[in-house]
Amino acid sequence: PDNLKPFIPKEKFDGELKLRTKMGIDFPFYASQNLSLVPKEGGVRKFILNKAQRHIHAQIEKQKKETGKVRCLVLKARQQGCSTYTAGRFYWQVTKRQGVGAFVLSHANDTTDKLFTITRRYHDYCDDMFKQRTTAASKKELRFADLDSNYLVGTAGAVEVGRGGTIHYFHGSEVAFWANTDMHFSGIMQSIPTGKLGEGTEVILESTANGPSGKFYELIQDSLKGDSEYITIFTPWFWQDEYEFDPPIGFEVTDDDMEYMKIYELSIGQMYWRAMKTRELGSEWKFKQEYPSTIDEAFQTSGDESYISPQLAQGCRVPKDDLLDGNGARIGAIDPAHTGDRAGLGYRVGNRMKEIKYYKGKDMYELAQIAKGYITNNHLDRLFVDVIGIGAGVYDILKHDGYKDIAQPCNFSTKPVDMNPDGTPKYLNHRAECWGRMRDWMEQENVEIPNLEEFVADLTTPGYHYNNSRGVLQLESKKEIRARGARSPDGGDVLAMTFSKTVHPN
């Protein structure tokens with residue numbers, strides 16, 4: 001209408017229709033023009049997405065385009081604005097669609113109140129051109145009269161909430177800290193349409209970590225294994241511009257911190273902020289849980305390091321533009337798995353692991369066919385096959401079908417050959433030996449691995465100790481890893497197998 005003053009210059013658009021169309025399909029634009037918030041420094045300003053929020057948005061939109069719905073888990077550092085983003089996204093959704101409901105469930109009453117205050121502020125400051133009329137506006141609900149849509153909040157506790165109605169947009173806040181998580185999760189998920197009716201629905205579960213146990217941890221593990229419809233989105237602490245202080249004169253970083261600083265490309269101001277926050281929290285272990293740099297840091301069980309440290313893996317995943325493949329051997333490996341489990345397949349050329357692939361639900365014959373195509377397409381000189389379990393069958397098929405000169409068995413349970421200077425074994429078995437060679441390789445100056453969170457998590461999952469009776473390095477077994485609730489490090493085993501034996505190019 002002519003009597004409504006536009007909040008952006010009209011000359012930028014060919015009329016109100018184009019404006020409304022853009023507002024309806026472009027959430028970052030809608031937020032920057034129509035949503036208001038109170039930033040940490042105070043005042044009121046329009047909602048401009050920060051780096052973490054832009055990353056979350058991009059991943060969510062990608063999944064929605066591919067699947068028609070959103071099912072995502074956000075593992076994050078503290079105070080990065082994931083809840084602010086989700087509240088804004090769901091307010092945007094329910095104020096443009098008829099007959100839909102959004103529900104927010106938090107872990108504590110004060111957090112629930114804060115989340116609803118954020119949404120209520122969005123509504124109060126909303127421009128009249130896009131503001132929907134409400135018939136109910138309480139401390140727990142906004143109901144939009146002309147659309148018959150609503151936005152409701154609740155707190156996880158002893159009483160089941162979220163049952164009874166249909167939920168199209170569900171935001172679980174700080175899920176790792178919910179009371180009675182399984183009860184709430186199973187009840188709420190029954191209220192969300194599935195199948196064809198589930199198209200367009202969105203479930204966003206976000207939390208900081210609360211140790212390697214519980215429903216949120218299990219959901220993350222299943223997601224990384226490819227065992228669920230959820231994707232995992234991770235946002236490290238150093239993406240926040242405000243997590244930086246001007247250091248005082250004389251502030252110095254240790255050699256270990258200098259390596260950390262180099263790997264994550266941090267400034268001295270970020271390192272000083274990290275040092276001050278670590279002192280405030282009381283330990284580096286606590287800092288890693290509250291402000292992780294990687295998924296494995298978030299879910300660490302104690303201060304003990306994994307055999308491949310997150311810092312080492314992170315340094316290797318940084319692209320090395322000047323790294324050439326040269327004439328090195330093309331060495332592949334496959335870690336087969338029973339139908340229903342995850343199989344891994346990848347290859348390495350010199351100091352660069354070219355790729356890693358994961359497969360679900362493939363039987364022995366299907367994996368053998370995949371391996372044959374992989375050998376041909378990537379011109380492999382060797383393909384190591386883990387022959388424990390169904391891998392023996394995969395190897396037999398490859399050997400029978402004419403790949404006996406390229407396919408080679410790898411048995412992780414056999415004795416190692418690498419020795420200490422005094423002639424004693426360095427490792428308990430061949431698996432530990434392969435991982436040891438892989439870590440030595442990763443510690444070189446110019447090494448590159450695929451920049452995939454799932455693969456990095458595989459590399460950093462196994463722990464280790466030195467066998468007291470023999471003094472040799474013993475890697476945590478897959479059985480032990482599963483017993484503590486973590487997933488099998490299949491991708492790590494794939495790369496480790498490429499170091500099983502020396503291979504020369506054909």
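Strand S11 (residues 330-335) and strand S14 (residues 382-386) run in the parallel sense and pair over four bridges; strands here are DSSP runs of E of at least two residues, helices are runs of H or I of at least four, and both are numbered from the N terminus. Two strands count as paired if DSSP finds at least two bridges between them. Across this pairing, Ile331 stands opposite Arg382 in S14.

A word on the ground rules: this is a predicted model, where local features need pLDDT of at least 70 and side-chain atom pairs count only at pLDDT 80 or more, while totals for chains, interfaces and linings use all residues. Residues are numbered from 1 along each chain as its sequence is written, and side-chain values use heavy atoms, leaving out hydrogens and water.

Now step back to the sheet. Five strands form an open sheet with mixed pairing, in the order S13-S12-S11-S14-S15. Its edge strands, S13 (352-360) and S15 (407-410), each pair on one side only. From one strand to the next, the twist averages 20 degrees; angles run from 0 to 180 degrees between N-to-C directions, with axes fitted to C-alpha atoms, for helices over the stretch in contact.

Helix H13 (residues 364-377) packs on the sheet and touches S11, strand S12 (342-349), S13 and S14, contact meaning heavy atoms within 4.5 Å. The direction of H13 makes about 15 degrees with that of S12. Helix H14 (residues 391-403) also packs on the sheet, touching S14 and S15, and its direction makes about 150 degrees with that of S14.
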